[in-house]
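Have a look at it first.

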Amino acid sequence: MSTIAPVSRPTEPNAPTPGPGVALIRNWKTPVALGIFALLAVLLLVVFGRDGVSTMRLSTSSDLIQLPDVELPTRETGIVISVLLLAIAAYSAWLVYNHKKTPLWLISIFAFLALLGFLVWASAGATIPVPGLLFGSLSLAVPLIFGAMGGVISERAGVVNVAIEGQLLAGAFTSALVASITGQPLLGLVAAMVAGVLVSFVLAAFSIKYFVDQVIVGVVLNVLVTGLTGFLFSQLLAPNATTLNAPPRFERINIPFLSEIPLIGPVLFRQTIIVYIMYVVVAAVYFGIFHTRWGLRLRAVGEHPQAADTVGINVTGTRFWNVSLAGAIAGLGGAYFTLGSVGAFGKEMTAGAGFIALAAVIFGRWDPIRATLAALLFGFASNLQNVLSIIGSPVPSEFMLMLPYLVTIFAVAGLVGQSRGPAASGKPYIKS
């Protein structure tokens with residue numbers, strides 16, 4: 001939603017004066033969206049407000065430093081938050097009217113207040129364990145983050161990776177089988193990476209060498225891996241569960257000092273080795289893509305393969321090996337299901353996580369850090385339904401089950417129109 005308004009003065013102190021007939025575009029999308037959410041908050045928190053006291057527990061019993069619980073009067077807190085949300089929406093409208101953008105920090109404050117208001121309303125008369133909520137959110141986001149990192153690398157190289165779901169599922173199955181047979185979870189982790197590479201190898205061969213439509217290849221691979229792992233589970237793992245589907249899980253490792261930081265310490269630094277590997281992978285992918293020669297070549301073949309070929313870059317080889325690398329990273333995410341979370345392989349246990357990871361790539365605009373934050377958002381939405389169900393929230397369970405997928409749809413629908421992926425992503429390169 002945009003309007004065009006003529007201007008007769010500079011929009012900034014040092015900006016050049018627009019010539020006659022020059023107009024600036026006002027984009028009302030952000031203030032309209034904030035206004036709608038603010039009105040919904042008024043409806044929920046004020047009109048249908050609840051009485052009682054909402055308690056936020058900030059520490060666990062094992063924390064060295066104990067933070068006091070925060071008690072908030074439910075109805076009064078809802079009213080204050082509703083007023084603040086309306087004020088932010090009005091300020092955003094004022095900024096757009098004056099040809100200015102709504103800053104990201106202001107949108108972030110709006111989102112935090114809206115979330116806090118919902119949590120306070122939903123937990124009236126109950127207690128929300130904040131460390132548990134955040135810990136569970138991170139746990140659910142780990143495979144999404146691994147999958148998103150694989151998606152970012154693959155699409156930056158020019159190949160649409162719809163097969164993330166298959167790579168996660170193959171990694172989960174293989175890690176469970178190998179770790180059960182050998183009794184070594186580290187070997188299971190390596191096997192998961194190999195399985196992810198094999199799936200991505202097929203994707204790369206058909207889409208890069210034989211120019212088959214990348215989306216079709218990805219969908220077919222997902223169906224193939226789902227059917228194959230389901231068949232092997234029924235015929236091999238289920239009858240021999242004690243020997244072939246009982247993998248040892250990684251133990252949690254507490255990082256000295258860091259694990260004792262209030263609130264964030266138990267969430268970030270009392271994790272398994274797979275989570276610590278995830279931290280390294282996210283940092284390495286970000287640094288590699290934007291600050292190394294490898295990243296420059298990767299982006300070149302994804303943006304303009306003809307120009308990359310002209311300066312001597314092997315486009316086909318670069319794409320092939322980076323898609324394989326993406327599969328190895330996604331395979332690590334699959335291993336988390338069996339070696340760090342559930343503990344045994346189950347049929348179709350990824351439950352669409354690969355597609356949510358792909359949505360995180362789009363939502364994050366093909367940037368590793370933003371994609372990680374998007375995956376954390378989806379993980380939070382998934383875990384929120386569990387926490388609210390435990391405390392007896394009045395929110396219908398059917399809505400809570402839909403919540404992570406609704407967040408995914410709104411996130412992608414809200415940004416996909418103004419996001420631009422790598423220019424050559426999805427397009428086969430035929431050397432002239």
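Which residues in α4 meet which residues in α14? This is a predicted model, where local features need pLDDT of at least 70 and side-chain atom pairs count only at pLDDT 80 or more, while totals for chains, interfaces and linings use all residues. Residues are numbered from 1 along each chain as its sequence is written, and side-chain values use heavy atoms, leaving out hydrogens and water.

**The helix pair**
- On the α4 side you'll find Leu144, Gly147, Ala148, Gly151, Val152 and Glu155, and they meet Ala353, Ile356, Ala357, Leu358, Ala360 and Val361 in α14 (contact means heavy atoms within 4.5 Å).
- By class, this contact of α4 with α14 has nine nonpolar, two polar and one charged residues (Ala, Val, Leu, Ile, Met, Phe, Trp, Tyr, Cys and Pro count as nonpolar, Asp, Glu, Lys and Arg as charged, and the others, Gly among them, as polar).
- Helices here are DSSP runs (H or I, at least four residues), numbered from the N terminus.

**The largest cavity**
- Its volume is about 50 Å³ (on a 1 Å grid over the protein atoms alone, a cavity is a set of points where a 1.4 Å probe fits but cannot get out, and lining residues have an atom within 4 Å of a point; the volume is the space filled by probe spheres set on the points, which are joined across faces, edges and corners).
- Val159, Ser207, Ile208 and Arg319 are among the residues lining the largest cavity.
- α13 gives the largest share of that lining, three residues.
- The lining of the largest cavity splits into five nonpolar, three polar and one charged.

Definitions and conventions: Helices (H or I, at least four residues) and strands (E, at least two) are DSSP runs, numbered from the N terminus. On a 1 Å grid over the protein atoms alone, a cavity is a set of points where a 1.4 Å probe fits but cannot get out, and a pocket is an open set with protein on both sides within 12 Å along at least five of seven lines; lining residues have an atom within 4 Å of a point.
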